[in-house]
Amino acid sequence: MGAYVNPIYPYKSPADLMATPPQRKPLIVIGAGPVGLAAAIDARLQGLDVLVLDDDKTVSVGSRAVCYAKRSLEILDRLGIADQACDMGVSWNIGRTFLEEDEVYQFNLVPDAGHKRPGMINLQQYHVEEMLIARALELGADIRWQHKVTAVTRHDDHATLTVETPDGTFEIEADWLVVADGARSPIRRHLGLDIEGRVFQDRFLIADVIMKADYPAERWFWFDPPFHPNQSVLLHKQSNNVWRIDFQLGWDADPEEEKKPEKVIPRLQAMLGDDRPFELEWVSIYTFQCRRMTDFRHGRVLFVGDAAHQVSPFGARGANSGFQDADDLMWKLGLVIKGQASEKLLDTYAHDRQFAADENIMNSTRSTDFITPKSRTSKTFRNQVLALAKHYPFARKLVNSGRLSMPSFLTESVLNTPDTDAFEGQMVPGAPMDDAPVQVNGQDAWLLDQVGKGFQLLLFVDAVPSPEVLAQLHALQESGGSVTPGAKTRPLKVTPLIVASSPLNIPGIHVIVDSQGLVAKRYDAQPGTTYLLRPDQHVVARWRKLNAHAVQAALARALGSQIGQA
């Protein structure tokens, strides 16, 4: 056993960035945490130059964000590190909730088979950051450590940054600025931008404990356990024999006192038994917060992750929603930078991710209110629910020990084209795509690995399409549709992807085989069914029959043609 040692990344003099007048960069990201790095990797995958500025010289201290949900893993697949993360992380699907020593509720995150990724992996944030940094550097991102942004001035067509380094202070300009500098966000405060919501009057102790234990790889949550009476405790397994244990302390606890080893170790011994050897790797105290900025976009300055919104940690919604922020933002920003969409498309980043943040805050607040009731009535309700859940299935659905992160269904997005045909199932316009097993050139593969590379058209067939349908596909492949008004004139192509029930050879068009019939089942598809997919693997439109004109109209809408219209 041994504690994690943080790597130190090399400082590089900013001599090449200093200039009078200031240099102008197309894209700068502030913050080399998970979300800022995800944004930088996505930019490089689109061929965009990106400069990342971070005031530190290492990855996170302590495990911090440890739970990465299935949707985040699918995003990390597209970014190129999910295999590495899943190999190192601890996969799990089962969560159990206990009252005292009795199990009262359990859930399974992935109840049906046929998904590439598990419902959740547990992996310390410092490991994820190391993987993201290596990937960003591999792709050619310019990451500058010990470059602290101390001021940002907004202009109509750019932002000016003041950057402080060991070699002095300089100014640099960005056509676009992505702010991912965390929950305390110095840039948000410097610009005087609001963040509103609730701070809950409770404190929790986080202890990362190195030990060998035979507990299963599951999420265990206790209400009123005998080893920590009248409070709650959470246990998670992480990689390398590190276990994450959270103890509820109450609002009156002294944070500095509770972090001392002489206070932490007796709590752990009471839980684990006096004879189990363990080592403390990291200890921290946190307070619940559920709040967000009013607007995530301020002209050329865009906020992502904890800089834009914060939730209490129960439910694993912080880093997971941050990855979805970057996933939503970067395809839109890439099209704007390349002149393939008007910058008003970025208004939909703010609208859609603010909607998602509100959803996360609502669920996180409900979990927090259940875990830490603040009135006699709510505590009585909570305790009665837990008591009933021991014996009655109906009450188990009311137990809320942290409803876990789920991807947002952006059904209210102005980018969606409403259905004109009847469909069943969840793959509605705005939905994040469901995965399913497929075959590609006779080899087993996964649906989501075939998409996420620009706008794509999913066409279901049971035979080689007619010449008329093929002609429409080729036309869309050449130029998917007209560019949004206000954008420069670079045609945007749509890549067709045929889903067949058996192998087909169609020159110039990628064919995948629905080897188990699960794609058709999950997408309620029959021959002719057509889906238009966004670059971030969300459904944007669907039809029962391919119509190139309808696809072109839906593409124009997905690029923002309806923004500002009644």
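**Loops, then a helix and a sheet**

N241 lies in the loop between β14 (232-237) and β15 (242-248). The model is a predicted one. Although N241 is not a glycine, its phi is positive, about 60°. As background, most residues other than glycine have a negative phi, and most peptide bonds are trans.

S185 is found in the loop between β11 (168-179) and α5 (186-190). Is S185 buried or exposed? Its relative accessible area is 0%, and S185 is therefore buried.

The peptide bond between T20 and P21 is cis, with omega about -5°. P21 belongs to the segment before β1 (24-30).

Next comes helix α14 (residues 548-558). At its start, a side-chain oxygen of N547 reaches to within 2.9 Å of the backbone nitrogen of H549. Within α14, the residues A548, V551, A554, L555, A556 and A558 are buried. The elements covering these buried residues include the helices α8 (318-337), α9 (345-371) and α12 (467-478), together with the strands β22 (456-461), β25 (530-533) and β26 (539-543). After α14 comes G560, and its phi is positive, near 105°.

As a general point, the strands of a sheet pair through backbone hydrogen bonds, either parallel or antiparallel. Which order do the strands take in this open sheet? Its three strands follow the order β3-β7-β4, and their pairing is antiparallel. The strands β3 (67-69) and β4 (90-92) stand at the edges; each has a single partner strand, so one side of each is left without a neighbour in the sheet. On average, neighbouring strands of this sheet are turned by 25° against each other, with direction ignored.

The pairing of β4 with β7 (residues 120-122) runs over three bridges in the antiparallel sense. In one of these pairings, V90 has N122 of β7 as its bridge partner. Helix α2 (residues 70-79) lies across β3 and β7, and its direction makes an angle of about 80° with β3.

Technical notes
Residues numbered from 1 in each chain as written. Predicted model: local features only at pLDDT ≥ 70, side-chain atom pairs only at ≥ 80, totals over all residues. Heavy atoms only, no water. Pairing = 2+ DSSP bridges. Helix = DSSP H or I, 4+ residues; strand = E, 2+ residues; numbered from the N terminus. Axes fitted to C-alpha atoms, helices over the stretch in contact; angles between N-to-C directions. Contact = heavy atoms within 4.5 Å. Buried < 20%, exposed > 50% of the residue type's maximum accessible area, 1.4 Å probe, protein only. Polar contact = N/O pair within 3.5 Å; in protein donor to acceptor, adjacent residues only side chain to side chain.
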